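Biologist: I'd like to learn how to read the side-chain contacts in a model like this one. Can you take me through them?

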Amino acid sequence: MANMSFPVDFILLGFSQWPQLEKVLFWIVSIFYIMIIFGNLTIILLSCVDPRLYTPMYFFLSNLSFLELCFTTTTLPQMLSNLWGPEKTITYTGCVIQLCVFLCLGATEGVLLVVMAFDRYIAVCQPLRYTIIMSPPLCWKLAFISWLSGLTESLIQSPITLQLPFCSHHQVDDFLCEVPALIRLACGNTFSNEWQMTISAILFTILPVGLILTSYGYIAQAVRKIKSIEGRQKAIATCSSHLAVVFMFYGTVAMVYIDPKSNFASEHGKLFTFFYTVVTPLLNPLIYTLRNKEIKSALQRSLKKWSRQ
């Protein structure tokens, strides 16, 4: 039965069918959240204080880290609250805010990863013109376009989703308010919403993946021509780190968003949601720091500087 009036709150079922697992997940997510904050703040601070990291690559990487901090802060506190106690509700206002911010940040990340791939393409394929092409004004414009794209997607998709006739039980089979879960909660005809979501998913996942893979095809050709072993290893290290993040993010998001009411998305959607809201933001700073000598060197220089003070 559909309720056409605004609901007072929603019930986020999350992992409530496994109450013993919830306590374990609470401590795991808590530790992950602390590591996410520490890892991404480290990248942002190093990019700001170390002059050797004043490059387009680290400008975009600090944008990604800031985005991940906002992304997890939008979802994980509510998730931890639901995992800890029997209360699984979120207010209608809280759900609206979470939905809008989550959509904005998710779409922004989808575009930002394309921008980062473009930056790597210019760095590897046109190294002599890199500083001329990737000038500070262009970097700021590309970052602005990424954030504006996410905001536009949120302003379009959120009102459409919130106009759905939700079932009166208001039980969301997820641990956060996101579009696929709310579409599954609707009792009316959701065909147009599903198509709109599919189109958005293609624009922000499939299309970006195609552009990124195309750019890396050209990068692979350029890397083969690099005679310096050290230069080749550096190019492979930075590009492989970016590719790992790309496949983790786009792969899991596409599973949930392309066909939100499919049996696969309905049964396993929240597991993929857990991955791209908790695991991916944790792995991003680890991938970029463990495989990046410049970040390691910057961290060592900063630690030595602070230890002398």
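**Reading the contacts**

Modeller: Let's begin with rings: searching the whole structure turns up 18 aromatic pairs. A pair here means rings of Phe, Tyr or Trp (its six-membered ring) with centres within 6.5 Å; planes under 30 degrees apart are called stacked, over 60 edge-to-face, and the rest tilted. One example is F66 with W147: the centres are 6.0 Å apart and the planes stand at 50°, so this pair is tilted. F66 sits in helix 2 (residues 56–84) and W147 in helix 5 (residues 136–162), so the pair links distant parts of the chain, 81 residues apart. Helices (H or I, at least four residues) and strands (E, at least two) are DSSP runs, numbered from the N terminus.

Before we go on, this is a predicted model: local features need pLDDT of at least 70, side-chain atom pairs count only at pLDDT 80 or more, and totals for chains, interfaces and linings use all residues. Residues are numbered from 1 along each chain as its sequence is written, and side-chain values use heavy atoms, with hydrogens and water left out.

Biologist: Which residues do ring pairs link into a cluster?

Modeller: F15, W18, F175 and F274 are joined that way.

Biologist: What lies over the face of W84?

Modeller: A charge sits over a ring if NZ of Lys or CZ of Arg is within 6 Å of the ring centre and within 35 degrees of the ring normal. Here K23 does that, at 4.8 Å from the ring centre of W84.

Biologist: On to salt bridges. How many does the count come to?

Modeller: The rule is a side-chain nitrogen of Lys or Arg within 4 Å of a carboxyl oxygen of Asp or Glu, and the count comes to four. One of them joins K88 and E22, whose closest N and O atoms are 2.7 Å apart. K88 lies in the loop between helix 2 and strand 3 (89–91) and E22 in helix 1 (residues 19–49), so the bridge ties together parts that are 66 residues apart in sequence.

Biologist: Are K88 and E22 buried or exposed?

Modeller: Both are buried. That term means under 20% relative accessible area, with exposed over 50% and partly exposed in between (1.4 Å probe, protein chains only). Another bridge pairs D50 with R301, at 2.8 Å between the closest N and O atoms. D50 is buried at 6%, while R301 is partly exposed at 29%.

Biologist: And disulfides, what should I look for?

Modeller: A disulfide is a covalent bond between the sulfur atoms of two cysteines. The cut-off used is a pair of cysteine sulfur atoms within 2.5 Å, and the structure holds two disulfides. In one, the sulfur atoms of C95 and C177 are 2.0 Å apart. The torsion about that S-S bond is about -120°, so the disulfide of C95 and C177 is left-handed. C95 lies in helix 3 (residues 92–125) and C177 in the loop between strand 5 and helix 6, so they tie together parts 82 residues apart in sequence.

Biologist: What about C167 and C187: left-handed or right-handed?

Modeller: Right-handed, with 120° about the S-S bond. Their sulfur atoms are 1.6 Å apart. Number the bonded cysteines in sequence order and the pairing reads 1-3, 2-4. C48 is in no disulfide; the nearest cysteine sulfur, on C70, is 14 Å away.
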